Amino acid sequence: MPTETERCIESLLAVFQRYAGREGDNCTLSKKEFLAFMNTELAAFTKNQKDPGVLDRMMKKLDLNSDGQLDFQEFLNLIGGIAVACHDTLVVKAPVH
Ligand SMILES: [Ca+2]
């Protein structure tokens, strides 16, 4: 039986591969694959964005080597950033006394 943490890692790998495999290089997310991922998997975040350029800017910021693709490391920076934001929100909402 995998642990909860192991299942999380497997899930991240599986979801990355599912979107990366849609077109072109199946080890990276193209802009189109990134948008599909964001609008499907993180719809709660994207639908609250009033600024239509926000995903474009996120992609540019995440694409550290500026090759127009997000590799798994760059994808993890996105997930890590969102996780930290969620964590900070929870900590602010429910301060530990
Ligand atoms: Ca890249």
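Which residues touch the most other members of the largest nonpolar core? They are L29, F34, F37, M38, F75 and L78, out of 17 residues in that core. Welcome to this predicted model, in which local features need pLDDT of at least 70, side-chain atom pairs count only at pLDDT 80 or more, and totals for chains, interfaces and linings use all residues. Residues are numbered from 1 along each chain as its sequence is written, and side-chain values use heavy atoms, without hydrogens and water.

**The core**
- A nonpolar core joins buried Ala, Val, Leu, Ile, Met, Phe, Trp, Tyr and Cys residues through side-chain atoms within 4.5 Å; buried means under 20% relative accessible area, with a 1.4 Å probe and protein chains only.
- Helix 4 (54-62) is among the helices that supply at least two residues of this core, and helix 4 gives the most, with 5 residues.
- Setting aside neighbours within four places in sequence, L78 is in contact (heavy atoms within 4.5 Å) with F34, F37, M38, M58 and L62.

**The calcium ion**
- D63 (OD), N65 (OD1), D67 (OD), Q69 (O), E74 (OE) and E74 (OE) coordinate the calcium ion at 2.2 to 2.7 Å.
- The spacing of the donor residues in sequence is D-x1-N-x1-D-x1-Q-x4-E; donors are N, O and S atoms within 2.8 Å of the metal (3.2 Å for Na, K and Ca).
- D63 counts as buried at 8% relative accessibility.

**Confidence**
- The protein chain averages a pLDDT (the predictor's confidence in each residue, from 0 to 100) of 93, and 94% of the residues score at least 70.

Technical notes: Buried means under 20% relative accessible area, exposed over 50%, partly exposed in between (1.4 Å probe, protein chains only). Helices (H or I, at least four residues) and strands (E, at least two) are DSSP runs, numbered from the N terminus.
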